[in-house]
Every structure is written in C-alpha cells, then in structure tokens.
Amino acid sequence: MQYSALRIADILNVATPIYPDALIDVLLTDSRSLTYPERTLFFALTTPSGDGHRYVAELYRRGVRNFVVRRRPDTADACYTDANFFVVPDVRAALQQLARSHRGKFPSLPVIGITGSRGKTTLKEWLHHLLSPSIHTVRSPRSYNSQIGVPLSLWEITPDAELGIFEAGISEKGEMDALRDMIAPTIGVITNVGIEHADGFASRSDKCDEKIKLFSACQKVVYSVDDPLLAQRAACAIQPERSITVSRLGDNNADIKIHCTINRAESCADIHFDAHHFHLNGNIKIPFTSEAALDNASLAIGTLIAMGMNPSELSERFISIPNIDTRLNVIEGVNNCILITDHYAADYPSLMSALDFMNRRRTSGQHTTVILPDMETVGTDDVEHMYKNISLLLVKYGIDRIIGIGEEITRHACIFPSGNSRFYTSVADFMAAETPTDFDHSLILVKGAENHNTEQITEMLEARQHETVLEVDLDAMVHNFNIFRAQLKPSTGIVAMVKASGYGAGSYELAKTLQNQGAAYLAVAVADEAMDLRNSGITMPIMVLNPKVTNYHTLFSHMLEPEVYSFDLLHEIIEEGRRYGVKDFPIHIKLDTGMHRLGFLESDIDQLISELKSQDIVTPRSVFSHLAAADCPDMDDYTMEQFTMFERCSSRMKDAFPGMLRHILNSTGITRFPQYQYDMVRLGICLYGIPTLSDGSQNDLQPVSSLHTVVISIKNWSAGTTVGYGRKGVLTRDSRIATIPIGYADGLRRALGCGHSSVWVNGSLCPIIGNICMDICMVDVTDARCEVGDRVEIFGHNINVADIADKLGTIPYEVLSSVSSRVKRIYFRE
C-alpha cells in the first residue's frame, strides 16, 4: 500500500514534510538492500553494529528522498533541498509506530501470532501451506520476528489479505510488549520454551512469562501441556476458555490428545487426534518422522481447530507439507562460479531477500544468473502482473541472465527481458539443454522450493560432490562479531582474523560478511591469502602478518598492508617501495613486549622513529603487540608488564606519528582487559565461536563451523567380530555398525579412532570403532536411531571442537584448520 509523506508525518506526529505528496510503499532499514529509491522511506536506525545516519548521504545520491532520522543532517538545507526528513526522538519506535498504524487499518483481519524458542518459521510456513489454497494469507518473510523484522512484516498486509501469520521472537525481558502491540494477534501459538536466547532472562520461567505476553488479547491460545513449566505458566496467564491445550504424551486433561505412529518404511507419521471438547477426531499423515515435526503437526492441528476448522478435511494438504529450509547456502560452483541456493519458498518476498543476499556477494565485473521456477500464485488474482513485478525486480538488481523453469513461467517468457533469457518447461528439459560448460565465472542463484526438483540443477553446478560437508554459519559469525563489538567503545575498530583460510572455514565468504558488518581490517598470514580475497572482490583494508614478503608488486598494487617487525624487513620494504614509486604506503609496526617471537624491542624505538621519519615511502598505520598469556589468570602480572611496556613504546610512536593506531588485545584480552582496547582490537578464534575462557564469560558464543557427513551403510555383527584395519575394533556385544564417508584425508585425525572419540547421530553419541581409514570410518550405532542416509555430526553444536582438541592433546585452531580442502564448504544465512 502507498502512503503519502503527509500521512506518514501524521502517524509519526512530526512536522508537515516539505514534499507532502511524495508516495511511499517501501520501508528500508539497511542501506545495502535499496531497490526502489523513489518509493523508499529510510529509517536511520542506531544499533550495536552501526548508525544509519551515516548512510543518508549515500542513499540520497542513489535517489532516496524520504528519511526518518533522529537529527537532520547539518547540510540538509543546502544539500538536500528536495528531501523529506521526519525527525523523531527514537527511529526504531517510529518504525514500530508506523507498523502499528498500518496493522490498525485492518481491525477485522484475523492474525495468528506465533512465538517460541524453536519451530516458529516452520509452523508458520506449514499453516500457510495448509490454508493458502482457500485463504489469502500474508506472513512474515523468512524469520522476520525481531523488533525490526516484525514491523517490516506487518507492512506487507494488503486490503485483499484474509489472514495474517506473523512470528514474534525475543531475546530479553520487556521486548514482547512492543511486538504484541504491533501484531495484535487474534489467535496465539507458542511452540516451546527452550534454553535458546536465554541470556536475557533470569530463568526459563521468566522467559515463559515474557513470551506469553503476546497473547494477552487473543481470542484463542494454542500450546502444549507436555512441558510442565509452560503448562503451569500459561494456565496462570490465560483463562481456560481462551486456551486450547495439546498433548502428545497422553495428558487426559488436554483439549486435544495426539497419538503418533511412525512409519519408517515410508518415512512418514500417522497422526490421530481426539478433540472431544470440540466433537472432532480424525487422522492425518505427514511426510516426516522427527520429534520436532510431530510437535509442529500437533500445534498445526490445534491452530486449525482454534480457527473452527476440521484438520481431517485438509489431510491431502498435510501429506504434502514441504520441508522448510530457511537457509541461503553459498557453495563453490563449477568453472569458478559461486552458487547460491534458496529452497525456502518460490514467492516474490523470498525472491527479493535472496536477490538482496546475492547482490551483497556480487563483485565488480561478475556475471550474474538467476534460475527461477514457477512462482507461487495462490492468492494472486493477476498472475501476469506478478511476473511483471518479478521481471522488474530482476532488472532492478541488474541480473545478466534469467533462466525460467516451469510451464507457468515459460508461458510468461515474453514479460522478461529479451536477449539472454531462456525458458524450459521442466528441469529435465533444462538438464538436456544446458551443461556445466554453459556457466563460467558467474554468480548463480538457484531459487525454488521442495517440489521444484532444483536440487538436480544444484548438483550439476556444484564443484564438489563429497557427502562430507563443512557448514559455515554466517549468522553465527555476525552474532559473535556483534557480541565483541558491544563490549567496545564506538571508536574502537575490530581487526578480524581470517588467516589460514578463515581457520579452515574458507576466507572469502567470511571476509564478505565481515566487510558488510563494518570490520575495520581483515588480517591474514600471507600475501597469497590476501590476493585471493582481493581477486574475490574484497576491498576493505587487509593486514598481512607474515614474517617475509617476497612479491612486492602484488603487495603494493593491491594495497596489502604488511606487518614490519625488524629493521632488515623495514629497509627491504622501503627499498622495494622506492623501486616501484610508492609513497606513504601503510605498514604495521610490530613490538615485542613479551611474546619473544617477532617485533622491535623497546631499545629500538628511537632508531625506528628516526628511520621512519627520514623517508616518505612507507608510513606507520598502526603499532601493535601480542599478549603471551592473556588466557592465564595466574600470569596476569606478566600480562600487566606487557601492557605497561606497550604503553611506553606505543606512546612514543604515537607522539611521533599522531595518526597512528594502536592495538594489543586478542579475543581473550577483549573480554578480560577491555580498558586496554586502544584504537583497535584483534578478534580471532572467538569470532568462530570457540571460547578461550572457561569462566562462563564467553558462553554466548555460537559455533560457526560444523562438520557433517552421512551414513552410507549399516551392518549387524555379532560379539567378537573385528572391524577395520589391523582388526583393532573388537565388538564386545552384538552391534549395528555404520560406515560414514570421512577419514583422515578429510581431517578426521586417526588418533580419534578405536573408541577415543564419538560422532553425533540423531541425538546419540556413537563411538568410532576401529582404525580410521583414509576416506571412511566405522561407528557403533547400536544404541542410536539410525538409518542409511542419516546425518552425522563430527563437530558442531553437539560435539564441541574444544573437546576433540582435548582428546588429541592440541588446540581448537588445529582441529578447525585441519579440515581438508576436498571437503565441500557450504556457507549459509537464515
């Protein structure tokens, strides 16, 4: 819906804008996501990761003319004469106020509000799938459930909507009030209350109470009574006549009793429900068997009954419920391509978010391709208009090649740009016509949903097909980065360590994410690593921490800023710089304050300053040092001596070169010694979610890398049977032994075999049996629920890298960086 600038000013209770007739229908909170500038209202939010006011000038240059700000730019009258500035005390509150007003335009719209620790997005999408054939639903894009995501979701409500389904996520006490007031749900669902995002709450009970606030004005609230704490807290807050309780565990007092029978042969579950209070009972089938899926199905049944519907009448829709994959994956493709896969949904909102994600990974000169299936048309009265909007969106994002797959999109081929657009009625037709050689040096987005079979396209374009995968969670990296940024002064920059190919995770995608997050510097070990980043489009400053530079042409031409730790190296860089005609090239001076590895000594400072002053080839950008024992409290006296020496030496350098930056803190130092943060800090292993302290101060870090494989074979063996090379695995009982395709050539150290370590299979720890082979190993799954094809975690959320390192007598750095390059990396964001 379009709003005039005057109407928005009225809603926000601010002065009449200069251009009251300007029309707005796009809300923007992230400058990188700009698509339709002339229709956009930008909210200059201030967050732990930045201040949106810094991007007003850039957005104005790109065509935006409407801004919600806390303060007008000083040059507004002179430089922004044709722009509207809505000046408010709190930009986020203004965004929420606008969302409340927009939601208020539809007072009779039924709205389902979903909260909980897990399963919100899946349940939302399942309800949309079940209801959308007959009801036009509007729902949260992906998992937009935050203080900022919810108002952006509500903005999508249109007059033709018949039902809204919105998520509400919280991370601390006091947040739910604002979400409730915006969403104004008529039916509420709480999925569960776990330990996720628990740091902002005194207890799980406290967290329950905060989530239940969403439902204070709901007509009906659906929840499970199988969690005693949730049942007790909900019963205190929600009147019985408003409650619809569900139980899978046989609670006879529940309004709806659920009985599930697992059919493993068909990979489905038969569900019988008995809702005696509503005079309803029946059977449905879902194509899943996991506990989480059964919980979601139970709550979906309860929600349908709350809406006055009989779930049995939707049995055909239940059996076709899709597997919800909210992740955007980035994979190395064939022929130097980068592959982005998105199987979340095939609709306009999810396409927009996927294109935004793609655009942030695009590098200068890189060709772009979008492979697009038939798009979802349920609730769309004008299919042609929808495809016109999609075509315009692709043009706005500058997509070079469009490949449409499906009968519907092929019928509308004439709507899309002529030239480099191709259309096929099926995936089979595409596979028959296209080969991997048709894709070269391209950024490729493969869009689709579960029923589009686009996985075949992904497999064709993947560079590696190995079943063993290192999954890299970019959201977790952003989370860890922001945890440390919140501990720093706004003026303190973060040097993000991505050496050793991002501690084994692969540096480019990490670097791209860190560049977007506003890291001050990236740091690598050698110039080759830095060159790979430059060739991949990384433009931010890069510090090279290697002991010796050999290719000065590369160093100077690509602005790779070296660490300088000795006079010999300094003289060499100055000499080479003079030969290449370099002036004022930035270098980073390394001081030895106690590590006794590399660096200038305190006695060198006078000579160092003198030599730097005597030339104009290089200029010291920063001076830094390393702490030898930051993670050893019993050696704090030594660490304090390092700080004292660094202060003496760096102050003398700073006096000589006033613009020079200073940094000494590593990950541990940021946590333990924030008073010494100076101008920058260096964030290393903690960026990857590995705590360096055991006192609980870093417990909120999230693992970034997780190593997974699959079960390829299961055999039953009797007690006394031996397994593997050298017959080292001796079975002491009748056992089920699974084979998994990972070995020491993939980075699974041989020392972990013969029962020294375990893997995680469907909630169970399963010991490794016998010697680990080069490409495979065997595990005992006798006590686990396990079938061929099941996922196996080597390390990740359930098996800590630090625990594996302890078993090997090493450190997590070595475990992470040992994962072989032949293992496929998948980078993802939710």
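**View 1. What lines the second largest pocket of this predicted model?** Sorted by class, its lining holds ten nonpolar, 15 polar and eight charged residues.

**View 2. Helices and strands contribute to the lining of the second largest pocket.** Three helices to pick out are H18 (499–503), H19 (507–517) and H20 (527–535). Strands S18 (328–332) and S42 (824–829) join them, and each of these elements supplies at least two lining residues.

**View 3. Nine strands make an open, mixed sheet.** Follow the strands across in the order S10-S11-S9-S12-S13-S14-S15-S16-S17. At the edges are strand S10 (137–139) and strand S17 (280–286), each pairing on one side only. On average, neighbouring strands of the sheet are turned by 20 degrees against each other, ignoring direction. Helix H5 (residues 120–131) packs on this sheet, where it touches strands S9 (111–115), S10, S11 (163–167) and S12 (187–190). The directions of H5 and S11 make an angle of about 165 degrees.

**View 4. Strands S14 and S15 pair in the parallel sense.** Which residue of S15 is the bridge partner of Val246? That partner is Ile256.

**View 5. The protein is divided into domains, from domain 1 (3–91) to domain 5 (706–828).** The C-alpha centres of domain 1 and domain 5 lie 54 Å apart. Domain 3 is written as two stretches, 329–380 and 392–459.

Technical notes:
Residues are numbered from 1 along each chain as its sequence is written. This is a predicted model: local features need pLDDT of at least 70, side-chain atom pairs count only at pLDDT 80 or more; totals for chains, interfaces and linings use all residues. Side-chain values use heavy atoms; hydrogens and water are left out. Domain bounds come from an automatic or database domain assignment. Two strands pair if DSSP finds at least two bridges between them. Helices (H or I, at least four residues) and strands (E, at least two) are DSSP runs, numbered from the N terminus. Axes are lines fitted to C-alpha atoms, for helices over the stretch in contact, and angles run from 0 to 180 degrees between N-to-C directions. Contact means heavy atoms within 4.5 Å. Ala, Val, Leu, Ile, Met, Phe, Trp, Tyr, Cys and Pro count as nonpolar, Asp, Glu, Lys and Arg as charged, and the others, Gly among them, as polar.
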